[in-house]
Structures are given as structure tokens and as C-alpha cells.
Amino acid sequence: MNDQVTISPTTLSLNLTINGRTQALEIEPRVTLLDALRERLHLTGTKKGCDQGQCGACTVHVDGERVLACLTLAAQVEGRSITTIEGLAGEDGTLHAVQAAFLEQDAFQCGYCTPGQIMSAVACIREGHAGSDEEIREYMAGNLCRCGAYPHIVAAIRQAAQELRS
Amino acid sequence: MTVHDMKHAASDSARLEAVGGRLSRVDGPAKITGAAKYAFEQQLEGLTHAVLVGATIAAGKVTAIDARAAETAPGVLAVLTPDTIMELRGASDWLGNPPSQPTYAPLVREVTFSGQHVAAVVAETFEQAVAAAALVKVWYDETPAIVDLSDGKAGDGIPIDAMTKEWGDAEAAFAEAPVRICAAYNTPREFQAAMEPHGLIARWEGDELTIWEPSQWLDGMARTYAEWFGLPFENVRLVSPYIGGGFGSKALALAHSAVAAAAARMLDRPVKLVLTRPQNFTSYGGRAATRQTVAIGADRDGKIQSIVHRGVNETAVDGMWVEPLGSVTSIMYATPNFSSKQNVVRVNTVVPGAKRAPGENPSAFGIESAIDELAYELGIDPLEMRLINYAEQDPHAKKAWSTRQLREAFAAGAEAFGWAKRSNAPRSMRDGRQLIGWGVAAGTYPVRRAHGEAVVKLLSDGSVEVESSSIDMGQGTYTILAQTAAETLGVPVERVSVKLGDSHFARAGVTGGSRLAGVMTGAVHKAAGQALDELIGLALSDPRSPFQKLQANTLQVRDGRIASPRGEGPDLSIADFMMAIGRDQIEAKGDTLPASTTPEERYKNYTTIAMSIPHTEGDYSRHSWCAHFVEVRVDEDFGTVRVSRVVSALDSGRLYNPKLAESQWKGGIIMGIGQALLEEGIVDRRHGRIVNGNFADYMLPTNADIPDIQTISVGIPDPHSSALGGKGVGELAIVGIAPAIANAVFHATGKRVRDLPITLEKLI
């Protein structure tokens with residue numbers, strides 16, 4: 001290891017569009033989108049479970065696609081549209097169909113993986129991958145839940161997909 | 001069967017919010033919108049970030065630490081080492097035993113396990129702390145480590161006499177029995193792996209310490225912090241509004257907690273320290289690896305004559321953990337002769353800890369596999385085998401069961417699963433290239449009881465507040481306590497707000513051992529009853545009360561309104577009544593302790609587990625029970641095992657909220673599927689290091705691994721177990737799943753796997 005390694009104090013000025021609002025940030029280039037959301041913008045709904053891209057708790061949408069915020073640098077997503085769990089419900093607080101179905105089906109216990117599950121579920125339905133229980137299980141396999149809410153998550157996505165189709 | 005009652009309740013909106021109703025989680029809206037702030041998500045002015053440096057050896061000494069590069073890195077405020085961290089006092093253990101050492105060093109010079117904390121870096125930002133921690137250089141003098149139970153240096157360990165259970169002459173009866181089986185069963189080191197990592201924020205204001213930390217036991221952890229820093233208990237406030245999963249791991253203040261609190265003290269700045277995911281595999285103990293031998297002697301008709309059981313679990317070089325391996329062995333089946341003994345073996349690991357059903361879980365893997373082996377030895381159906389040896393009373397305590405709906409569980413589960421259609425011979429059921437196996441196993445968990453307290457406030461607007469320093473880590477505490485207060489007081493549940501997770505609220509003991517619901521519904525029921533008595537007393541006697549002239553003996557409160565039971569006289573909302581008598585609030589603090597309890601005993605009751613009430617106290621032996629029926633599909637060519645169906649019938653007594661109880665049961669079953677097929681901490685034999693300490697290599701069940709699961713409640717209210725008739729829920733369902741799967745794998749393949757997890761190389 002090089003003892004003389006220097007860590008550049010350089011910061012970047014970024015404008016991130018999060019849940020329809022543009023926010024200015026002065027951060028180091030190495031700051032992940034996850035830490036920018038949680039530590040700088042205090043949007044703590046997006047969770048850090050592993051910080052290694054292995055658990056899915058930090059799933060957000062970038063231009064409508066599901067992305068792991070822990071493996072994304074904040075600087076990579078300037079100019080793109082970011083949606084987090086805080087931006088999923090309507091302006092008037094009306095829950096998204098997936099959120100309402102999670103509540104009704106008891107698709108969570110501790111709630112820590114839940115924002116990531118819900119963001120993944122919304123994308124899963126939008127991608128057309130909620131056609132059967134088996135397909136839902138496969139396309140939700142990247143979001144770990146240690147409380148073991150999986151059968152209820154499948155039920156919630158099945159219910160929400162039907163509601164969104166009709 | 002109460003499953004029918006539940007369906008009835010679900011269609012009856014009036015009962016939804018009462019105790020026993022299927023009310024959705026009241027904390028749900030906060031959790032699905034991202035509004036729920038977990039403990040270390042609080043925003044504080046001047047927050048700093050700490051990152052730990054862990055030992056890269058499992059045994060030896062730290063000979064030098066070069067922190068110069070880290071200290072001069074941008075943003076770094078301090079590098080703490082064993083030489084520079086402030087001295088802490090020793091703290092008593094969870095039983096209240098005084099500390100073995102006068103001081104406590106959370107950063108060590110003497111390393112006893114890989115990953116043990118040797119230094120910490122505090123910086124202005126998280127990124128700066130991570131980068132600087134990588135610059136800390138540590139030199140070691142490494143000595144040979146005992147890497148695990150199979151290490152040649154491990155030895156036979158230390159006998160734990162308190163674990164010995166014996167009656168009759170088990171060895172002689174086994175030797176004389178006409179039918180005998182004897183086999184060894186192993187479980188590996190497993191991890192709780194809650195999705196929320198361990199971590200905390202510590203802030204000092206003078207001599208007052210506030211800790212925001214996910215916690216299963218605020219009062220116990222506050223006691224530890226108070227003792228470390230020599231503070232009065234009242235000076236420490238622990239805050240833990242939501243907990244992102246615990247499974248036994250979040251009940252104690254740990255070394256990393258001490259580092260963060262010490263750093264905050266030394267810097268006079270709030271410090272946030274969150275363990276990385278790999279650090280979550282080495283900073284606190286998972287379930288200890290275990291070894292058991294189970295020998296059963298029986299008559300030719302299948303009646304057990306003797307059980308001889310020997311167990312071993314690993315513990316740490318510098319800490320003691322006993323995983324009670326004879327706990328299920330000694331009570332599940334009737335036997336005239338029994339012997340169980342246990343040793344613990346010290347290895348170089350962090351001290352193992354509690355993971356969902358510590359003791360009962362591995363114990364059931366042994367006895368519930370062995371009974372299946374005996375059934376096949378005799379050619380008896382495995383379910384019939386269990387009924388032949390059904391224990392009509394507690395064979396160890398020799399006391400009546402408070403309630404034991406296990407026969408009902410076997411019947412209901414077998415019916416729903418279709419067990420009668422099973423052919424008993426191994427490899428006799430298949431679907432193309434898939435071998436199909438059906439297995440059964442039973443599970444049990446004791447009813448751990450304790451005393452609790454709660455505050456219930458009736459406010460001037462007619463709303464109700466419930467306060468307790470107990471917690472909700474997903475079991476549904478917020479919801480069932482709201483239901484309990486609403487039902488007891490006669491107010492709509494939406495008028496009740498429950499406040500948990502702050503040690504300044506009414507005290508609470510540990511949330512562990514599946515005891516919280518029984519303890520806290522009892523305490524809230526009592527406090528709410530006192531508040532109701534005071535409300536009615538005021539209504540009858542206060543000179544300003546509109547009810548005073550009624551000359552009634554009593555009044556009733558329903559749907560938030562006070563009226564005479566006969567319907568005469570005024571009918572007032574609680575809010576209007578409070579205004580009429582000029583009261584801001586009625587507050588009641590209720591507890592379930594005897595009135596003679598001293599303040600010292602109260603403190604001990606909430607901050608240690610020394611005053612837990614034995615489950616065999618008095619005339620009864622109290623346990624939850626379950627029967628699991630599992631179908632597996634094993635690929636004949638590749639040996640891969642998939643669980644394709646689970647039906648479990650469970651007796652947790654009365655369910656306070658079946659919707660939430662079913663979720664916990666399924667969660668236990670799913671964690672059990674992980675235990676059976678996937679989970680194993682793998683230790684590198686050269687350096688004693690966990691090599692798969694992350695979520696990609698320590699495999700948890702994913703959504704794609706889990707089939708539909710049917711749970712059936714067969715419980716009946718158990719008045720001997722809790723005030724409202726419930727027994728434990730959270731840990732029960734994981735007990736017995738792994739043996740049910742192992743038994744199903746044997747039925748599918750003819751191969752008996754006695755060593756978890758059941759991975760494909762063990763089948764081909």
C-alpha cells in the first residue's frame with residue numbers, strides 16, 4: 001500500500017432530479033447515489049443493506065428502470081430522472097397500487113427491505129414480468145427479505161398487477 | 001380449528017380492530033412510503049462518521065499500528081487504537097452478574113477471532129472515514145488458531161452440568177432395546193443476517209448520552225452503556241423506533257457500540273458507526289455450530305424405551321455461549337429412560353449468540369431426524385411413529401401441559417397436505433426426472449414469561465396514547481398493543497397511537513424468546529383497565545360529571561362514548577366528558593409485578609433476564625407446538641433440492657392478530673428452508689476467517705426459492721401462559737423445518753443427510 005496516497009479534496013457540483021425536484025449537491029466524485037440520498041439529502045427511505053449490490057434494499061428508479069443505488073455514483077445520474085420510495089405515492093398522498101397491496105397483503109415485517117421491494121415490484125410489473133407467480137418470484141429474486149415475506153410479496157404484486165391492468 | 005374463526009373475523013369489520021382481529025399493521029403506512037426513520041437514520045447537527053478496522057488474524061497479538069497516513073488523510077478527526085481509546089469500565093452481563101474485569105477494551109491488543117476490532121477512524125464524511133480506514137497499518141504476532149469444532153486442537157470441551165437431564169437408566173435400557181438407532185447430526189455456524197446492519201449514532205450532552213441504535217432491549221443496553229461510562233442509568237437514553245430485523249442479534253450493546261460511544265465522548269461530536277455487511281458476520285455471534293448424537297432404543301411396536309443424547313456447541317475463546325441442545329429432545333416424546341449431556345468447545349470465533357430459537361432449533365434437527373430414522377427402521381409411517389410416542393405430559397418436568405394441540409396439529413396438517421396419499425418407501429414417488437419426497441417433523445418452543453409495564457393516557461380529545469420502551473422489529477407490536485388498548489378501553493383503534501422504542505418510556509425487558517406479545521398485551525391490558533376504571537370513577541363521582549346524578553353503579557365505554565349500560569341518561573364522547581370535568585388527561589401506569597416488588601427488583605426485572613419466570617413454574621409446562629409437512633423435489637441427475645410445498649399447523653395459543661402471526665410463522669419457515677438447504681458460515685482453515693461473510697456467498701433464501709406456504713392455527717387460548725391466552729409465535733415455526741426437509745429428502749432419495757445444509761454434493 002502506498003503511504004503517500006493523497007485523497008483529492010475535489011468536489012463536484014451536481015444537479016440531481018429526484019422525485020421531480022432538482023437538488024444541488026456539492027460532493028466528492030466517490031459518493032454513491034445511495035449515500036447522497038441518505039446522508040446528504042436525508043431521503044432515508046432508500047435503505048443500505050449490504051452496500052455491495054447483493055441485497056436490493058437500495059433499489060431506486062433511474063429513468064424508470066430499477067437500479068441499485070449503492071453501485072451507482074451520484075455523478076453518473078446527473079440529468080436523469082430519479083425516483084425513490086418517497087416519490088412513489090401521488091402528490092396528495094394516494095398510495096401507489098403496489099404500496100397499497102403491500103399493506104393489504106402484509107408483504108413486510110421489519111420494513112427495511114420494503115422500499116427496495118416496492119421499487120423493484122413497480123418495475124417488475126412495468127417490465128411485463130408479473131405474468132405468473134413463478135415469473136414474479138424469478139424477477140423479484142434480487143431483493144432479499146430476511147423476515148421471509150416472499151409469499152406475501154408475490155401476492156401483493158399479483159394483486160397490484162391486476163389492478164394496474166384494469 | 002380457529003382458522004375458521006379467523007376467516008369469520010376478517011369479514012366482520014367491527015372485530016377487525018379487536019384483539020384477535022386481522023388488522024393491517026398500523027406502522028405499515030410509514031414503512032411503505034419511506035417515512036419510517038430507523039434508529040441510525042436520524043439527522044443530527046455536526047454528525048461524524050466512524051469506520052472500524054478489523055483484525056486479519058484469528059489468534060495472536062497486535063504488535064504495532066501505524067495510523068500516521070490515516071490521521072493526515074482529509075477530513076479525519078481521530079484514529080482510535082487500543083492505546084488511544086478512552087478506558088471504559090467493565091459491565092455486568094445479561095443475568096446481572098458483575099463484570100469479570102474492572103475495565104473493558106472494545107479495541108483489542110490480544111486478538112481471539114478474525115475481524116475483531118483493533119482500530120477505528122472517525123472523519124467528517126463516511127467516504128473520508130472509509131478511505132482513511134484503509135490506510136491504517138496493523139502488524140501482528142500470529143499464533144495458531146482453533147478454527148472450528150473439527151479442528152484437531154479443539155478437544156472435547158467443557159462439560160456444562162446445568163444442561164444434564166436424566167431419568168431412569170438410559171444407557172442400560174438402550175443396550176437392552178430390541179430396536180436401536182444411533183446417529184450423529186451436525187449444524188454449521190449460521191447467521192441472523194437481518195437486512196438492517198448493526199450500527200448506531202451516539203451523542204453526548206454533558207454527562208447525558210443518547211444512543212440511536214436498533215435494539216431488541218433498550219433497558220438492558222442502556223444499563224450496559226451506563227456501566228461502561230460510569231453513569232446513572234437515567235443518564236442514558238436509547239432510541240429505537242423501528243428495527244430492521246433482529247432475530248436475536250440486537251439485544252446487547254456490543255464492542256462496536258462501545259467504540260462509537262467512546263469516540264463521541266472523546267471528540268465531543270455525535271458519531272455514526274454502521275457495520276459493513278462483512279463486519280456483520282464477525283462483530284457479533286450467529287448460531288453456534290453444533291454436533292449431536294441421538295440414540296433411540298424402542299420396542300418392535302415402535303414404543304420408545306430410551307433416548308441417549310450427547311451434544312456439543314462451539315463457543316468463543318473469551319466468551320461463553322451454551323446452545324441448549326437437549327431442550328426438544330427431553331420433551332417431545334414419552335420415554336421411561338432418558339439421558340442428555342452437553343459440552344461446549346472453545347474456538348477462535350466471536351462469541352456465538354442467539355439466533356431464532358437458540359437451542360430448540362438444532363435440538364429439533366437431531367430428535368426429529370432420529371425419530372424418522374426409527375420409523376424407517378421399523379417400517380412405520382413417520383407420522384404414526386410420532387403419535388405412538390406422543391407425550392401426554394412433560395416427560396422431563398413430569399407436569400401437565402398447559403395446552404398441547406400437537407395431536408390436532410398433526411391431524412390438521414396431514415389433512416391439508418394429503419399425507420394419507422403418501423407411499424412410505426424411499427424413491428417411490430417421482431415426476432419425470434424429479435424425485436418427490438414428503439417429510440414431517442414437529443417443533444416446539446417454551447413460553448418464556450416475564451413482568452412488564454406500560455403507560456396508557458386518555459387525552460382531552462378522546463384519543464389514547466400507549467407508551468412502552470419495548471420495540472417492534474416486525475412482529476407487530478405497534479399493532480397488537482393498539483388493538484389491546486382499543487378493546488380494553490372501548491375506543492376505535494384509529495384513536496390509539498402507540499409509542500415504542502424510547503428508553504425514557506415505561507420500562508420493558510428483552511424482546512426475545514417470543515415473550516414480548518404475551519408480556520406487553522398483559523401490561524397494556526392492565527394499564528388500560530386502570531385508565532378505564534379511573535375514567536368511569538370520575539364519571540360517577542366528579543361533581544362536574546353529567547353522569548353523577550344518574551346514581552349508577554357503573555358505566556360503559558363503547559366506540560369512544562360513555563353511557564349507562566341500560567341506555568338511560570347522557571351519552572357523551574370521551575372528549576366531551578373530559579371537557580365537562582376540566583381534565584387534560586387520565587394517565588395510568590400499569591405493571592404485572594407483585595405490589596411488594598422493590599425498586600431494585602424492578603430495575604433488575606427490566607435490565608437483566610434474571611427474573612424471567614420458568615415455563616414449568618407451578619403446575620404446568622407451557623410450550624407452543626407445531627407440525628410441519630414438506631414436499632421436496634430432488635433432481636435425480638444433479639442432486640438439487642427444491643422445496644415445492646409446505647403445510648404447517650401451529651399451536652401458539654390465542655393469536656392477538658392472526659394476519660401478523662401468520663407472517664411471522666411463514667418467516668420462520670422460510671428461515672428454516674435457508675437453514676436446511678443454503679446457509680453455512682465457511683471458515684478458511686489457514687486464518688480462521690469467515691470467507692463467505694456477505695449476501696452473495698452466505699446464501700439466504702430468495703423469493704425464487706420459496707413456494708406457497710400454508711399455515712393453519714390449531715391453538716386454543718392458554719390461560720396459564722399469558723394474560724390474554726397467547727403463547728409464543730416468532731420462534732416456533734423455524735423449529736422442525738430443517739428436519740422435515742431432511743426427512744423429505746430421505747423419502748425422495750433414500751439418502752439420509754445428517755449434516756446441514758443439504759447441498760447437492762451430499763446427494764450425488
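Is Arg265(B) buried, partly exposed or exposed? Arg265(B) is partly exposed, with a relative accessible area of 31%; here buried means under 20% relative accessible area, exposed over 50%, and partly exposed in between, using a 1.4 Å probe and protein chains only.

Before going further, note that this is a predicted model: local features need pLDDT of at least 70, side-chain atom pairs count only at pLDDT 80 or more, and totals for chains, interfaces and linings use all residues. Residues are numbered from 1 along each chain as its sequence is written, chains are lettered from A and ligands numbered from 1 in the order in which they are written, and side-chain values use heavy atoms, with hydrogens and water left out.

**Where chain A meets chain B**

- Let's start with the meeting place: 54 residues from chain A and 65 residues from chain B take part in the contact, where contact means heavy atoms within 4.5 Å.
- The size of an interface is often given as the accessible area lost when the parts come together.
- Here chain A and chain B bury about 4900 Å² between them, and 57% of that is on carbon and sulfur atoms; buried area is the accessible area (1.4 Å probe) that two parts lose on being put together, summed over both.
- Across this interface there are 28 residue pairs in polar contact, both residues at pLDDT 80 or more.
- A polar contact is a pair of N or O atoms within 3.5 Å; within protein, one must be able to donate a hydrogen and the other to accept it, and residues adjacent in sequence count only if both atoms are side-chain atoms.
- On the side of chain A that touches chain B, α1 (33-40), α2 (97-105), α3 (114-126), α4 (133-139) and α5 (150-165) each supply at least two residues.
- Helices (H or I, at least four residues) and strands (E, at least two) are DSSP runs, numbered from the N terminus.
- Sorted by class, that side of chain A has 25 nonpolar, 13 polar and 16 charged residues.
- For those classes, Ala, Val, Leu, Ile, Met, Phe, Trp, Tyr, Cys and Pro count as nonpolar, Asp, Glu, Lys and Arg as charged, and the others, Gly among them, as polar.

**Salt bridges between the chains**

- Side chains of opposite charge can pair when their charged atoms come close.
- The structure holds 62 salt bridges over all chains, a salt bridge being a side-chain nitrogen of Lys or Arg within 4 Å of a carboxyl oxygen of Asp or Glu.
- Seven salt bridges are found across the interface of chain A and chain B.
- One of these joins Lys47(A) to Glu41(B), with the closest N and O atoms 2.9 Å apart.
- Lys272(B) also pairs with Glu39(A), and there the closest N and O atoms are 2.7 Å apart.
- That pair runs from strand β15 (residues 271-274) of chain B to helix α1 of chain A.
- Lys272(B) itself is buried, at a relative accessible area of 8%.
- There's a network of salt bridges too, linking Arg146(A), Glu190(B), Arg287(B), Glu323(B), Lys355(B) and Glu679(B).

**Salt bridges within a chain**

- In chain A, Glu127(A) and Arg66(A) form a salt bridge, with 3.0 Å between the closest N and O atoms.
- Glu127(A) sits in the loop between α3 and α4 and Arg66(A) in strand β4 (residues 65-68), so the pair ties together parts that are 61 residues apart in sequence.
- In chain B, the side chains of Arg265(B) and Asp207(B) meet in a salt bridge (2.8 Å, N to O).
- Arg265(B) belongs to helix α8 and Asp207(B) to the loop between β12 (199-205) and β13 (208-212), 58 residues apart.
- Asp207(B) is partly exposed, with a relative accessible area of 44%.

- Helix α8(B) is mostly covered, with ten of its 13 residues buried; among them are His256(B), Ser257(B) and Val259(B).
- Just after α8(B) comes Asp268(B), with a positive phi of about 50 degrees.
- Helix α9(B) is mostly covered as well, with 17 of its 19 residues buried.
- Gly379(B) follows α9(B), and its phi is positive, near 70 degrees.

**A buried glutamine**

- Gln292(B) lies in strand β16 (residues 290-298) of chain B and counts as buried, at 2% relative accessibility.
- Its side chain makes a polar contact of 2.8 Å with the side chain of His309(B).
- The backbone oxygen of Pro362(B) lies 2.7 Å from a polar atom of the Gln292(B) side chain.
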